[in-house]
Amino acid sequence: MQRTGNGPPVIELAGVSKTYVSAGVETPVLFDVSFRVNCGEFVAIVGGSGSGKTTLLNIMGLLDRPSAGKVHIAGDEVGNLDELGRAGMRRDRLGFIFQFHYLLPEFDVLENALMPCRIKGPAFQAGQERRMRDLLDLVGLGDKLKNRPAQLSGGQQQRVAVVRSLANNPALVLADEPTGNLDTRSGRVVFDLMRTLARESGTTFVMVTHDDDFALEADRVIRIRDGRIEDSARTIQP
Amino acid sequence: MKLSFFTLSVALRHLRYGVGQSLLTIGVVAISVLLIVYLRTTIGGTQRSIVGNVTGSIPHIVLEPAERTPVGAWRLPAGPGAPLYVGETVNLPRGIDSIDDWRQWLPALEADPEITVVSPVATGNAFLFRGARRESVRATGVLAERHDRIVSVEENLLEGNFLQMVTGDVVIGTRLARDFGIRMRDKLRLIGPGGQALSVTVAGIYETGSGQLDDGQVFLTLRDAQSLLELGSAISSIGVRIRDFYQAEVTARALAVSMPFRARSWIEDNPNVFRTLGAQDQTINMVLISTIVAAGFGIASILIMSVTGKYREIGILKAMGATPVEIQSIFVVEGFLLALLGCAVGIPAGIGMLEMLSNVRAPGPGGRLTPVFNIQIDPWLLAGAAGVAITVGVVAAFFPARRAGGIDPMQVIRGS
Ligand SMILES: Nc1ncnc2c1ncn2[C@@H]1O[C@H](COP(=O)(O)OP(=O)(O)OP(=O)(O)O)[C@@H](O)[C@H]1O
Ligand SMILES: [Mg+2]
């Protein structure tokens with residue numbers, strides 16, 4: 001299984017800047033950010049509040065466009081993609097975990113985990129169901145497949161969201177403070193599961209976190225201060 | 001629009017999850033569809049009855065000899081240097097205008113797909129004598145088989161018969177019979193406008209409920225009337241019944257153009273009836289449009305609430321790669337389904353109510369039990385009501401759907 005270093009970068013940012021313009025006021029947020037994330041890496045992004053972490057993650061997740069610079073995903077430049085192309089890229093290549101689980105209340109746990117597959121089509125969904133059941137089992141929700149999200153605890157809901165982010169077999173999962181809304185214990189469980197699933201599936205993870213303990217357990221930490229990369233040291237040597 | 005497993009299943013799940021709201025909206029649509037079907041049918045039936053009463057005693061269209069009114073030479077437009085006429089105006093007596101070549105026109109009339117019955121009529125004023133008493137009547141000679149399909153005499157007979165009328169028979173209205181103390185098989189004399197006399201026997205007495213028919217009208221065979229009125233082989237008019245009596249004016253105009261007759265429709269003779277029906281139609285349509293618009297607002301408001309309530313979930317679906325068109329389609333499908341289900345409830349309910357209504361009977365003329373309402377369920381009306389409701393549902397869904405499609409996942413993620 002691929003861990004760090006060798007292999008083509010899953011995502012590469014080259015000279016990415018972002019300036020928000022609203023009502024004529026320019027707010028520069030990111031300055032000349034460049035880094036690459038290799039296949040199978042588990043990367044933590046840390047930095048103070050307002051330093052631009054979410055902005056960076058949104059750009060990596062094709063939810064936002066950089067003001068300057070280029071983003072390559074699996075070697076392809078994504079700057080020229082139109083909205084439909086970006087949606088297609090998110091659907092096929094990317095997984096998301098947010099601070100809130102945003103599970104759909106009309107669907108049960110298994111259906112929610114399979115939601116990215118539902119978007120891709122019934123044939124794809126049918127092919128992933130077995131795997132998703134196994135993953136839900138792995139995160140300890142094997143007996144809650146038919147439950148509605150409202151019947152789960154916050155930690156359990158976030159575990160479903162973690163499994164859901166892997167439904168479309170993404171090349172890269174982007175997680176924005178996935179434990180930010182959980183108590184320490186549940187946060188720990190969710191983080192450990194993310195690490196386990198990342199390792200088991202070989203999926204690349206980029207996670208924004210405020211928790212230094214979690215960051216230190218990542219393969220690499222990218223530290224951001226005022227929109228600039230301060231440090232992108234490797235934490236654990238392979 | 002994109003109909004896929006994803007859009008359809010999410011739409012269905014939304015409706016099922018919010019089943020209370022869905023049922024309420026379906027109910028609103030059902031009521032408006034029911035109103036359309038029910039009101040249009042009952043009003044249509046009432047209107048048919050009214051027009052039927054009016055046209056029951058007269059043909060939809062009467063073809064008469066074209067009036068050729070002479071115009072004085074001095075009435076012609078004059079210019080400078082035009083001749084000057086000296087003279088006086090004389091009123092010439094107008095004879096009975098007649099149609100001599102009617103046999104030649106019958107096949108063409110009968111071939112017209114709009115026309116259902118063609119009946120040659122010889123009619124004129126005559127005096128009816130019974131002993132010393134004398135009464136002015138309208139003597140109408142008809143081919144009974146044909147004319148009965150324009151003016152129902154046979155089924156309104158109190159005594160005797162109409163269809164088997166032969167030379168020397170006369171069929172009269174009940175009021176005339178009562179006023180004159182006439183009974184079946186009584187012998188009467190008719191004197192035509194030219195002094196021609198005809199002895200007749202009463203072969204039938206009818207009561208149609210129309211004063212015009214029951215009082216002053218006597219029916220005899222076409223041939224008897226022709227000799228009484230000294231028409232020879234000519235007739236005085238042709239009565240025509242058409243498929244759709246609302247089209248009488250249009251058909252009449254077309255006939256007047258293609259044939260050498262003046263064509264008078266029942267509408268021309270009863271402009272008030274027609275106007276009243278038109279006004280009634282407009283009122284009903286206003287009511288129906290209002291209810292269907294209300295149903296549209298119902299659908300729009302439930303979907304607006306739904307979109308607002310699912311703002312985050314929609315944003316996340318978009319982050320996961322659902323396209324704006326897919327998100328839009330979810331809500332358009334919901335509007336479509338709400339309207340469709342509303343029709344599925346409203347149309348059978350409307351039909352059921354109409355069926356109940358059509359079974360209501362009350363004693364009619366002559367004490368017979370007859371249906372009170374003239375109910376004819378038009379499949380096109382059902383299809384039209386469904387079409388209107390579904391269109392309104394989809395249009396109403398369109399605006400909330402577009403809003404949903406435009407939700408920016410970034411805003412959701414930033415929690416604003
Ligand atoms: N749409 C926007 N228009 C203008 N400024 C914005 C917009 N979005 C974010 N910003 C600004 O960009 C800066 C970076 O925001 P961002 O959300 O990326 O920070 P963050 O590192 O994720 O912070 P936190 O840890 O609090 O989540 C902030 O100062 C914020 O006010
Ligand atoms: Mg943030």
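The structure is a predicted model, in which local features need pLDDT of at least 70 and side-chain atom pairs count only at pLDDT 80 or more, while totals for chains, interfaces and linings use all residues. Residues are numbered from 1 along each chain as its sequence is written, chains are lettered from A and ligands numbered from 1 in the order in which they are written, and side-chain values use heavy atoms, with hydrogens and water left out.

The contact between the two chains (heavy atoms within 4.5 Å) draws 29 residues from chain A and 24 residues from chain B. Together the chains bury about 2,500 Å², of which 67% lies on carbon and sulfur atoms; buried area is here the accessible area (1.4 Å probe) that two parts lose on being put together, summed over both. On the side of chain B, the most area is lost to chain A by Phe5(B), Arg13(B) and Met320(B), which together account for 26% of what that side buries. Two salt bridges are counted between the chains, a salt bridge being a side-chain nitrogen of Lys or Arg within 4 Å of a carboxyl oxygen of Asp or Glu. Arg13(B) forms a salt bridge with Glu111(A), with 2.6 Å between the closest N and O atoms.

Helices H1 (5-17), H11 (311-319) and H14 (409-413) of chain B each give two or more residues to the side that touches chain A, and the largest share, seven residues, comes from H1(B). Helices (H or I, at least four residues) and strands (E, at least two) are DSSP runs, numbered from the N terminus.

Within chain B, strand S7 (residues 197-206) is largely enclosed by the rest of the structure, because eight of its 10 residues are buried, that is, under 20% relative accessible area, as against over 50% for exposed and in between for partly exposed (1.4 Å probe, protein chains only). Strands are taken to pair if DSSP finds at least two bridges between them. S7(B) pairs with strand S4 (residues 157-160) in the antiparallel sense over three bridges, with Gly160(B) opposite Gly204(B). Strand S5 (residues 169-173) runs parallel to S7(B) and is joined to it by five bridges, Ile172(B) standing opposite Ile205(B). Strand S6 (residues 187-191) is antiparallel to S7(B), again with five bridges, and Leu188(B) stands opposite Val200(B). S6(B) and S7(B) form a hairpin with five residues between them, and Gly195(B) in the turn has a positive phi of about 95°.

Over all chains, 26 salt bridges are found. In chain A, Glu83(A) forms a salt bridge with Arg65(A), the closest N and O atoms being 3.5 Å apart; Glu83(A) is partly exposed at 48% relative accessible area, as is Arg65(A) at 32%. In chain B, Arg40(B) forms a salt bridge with Asp281(B) at 2.8 Å between the closest N and O atoms. Arg40(B) lies in helix H2 (residues 19-56) and Asp281(B) in helix H10 (residues 271-309), so the pair ties together parts that are 241 residues apart in sequence. Salt bridges that share partners also join Glu64(B), Arg262(B), Arg264(B), Glu268(B) and Asp269(B) into one network.
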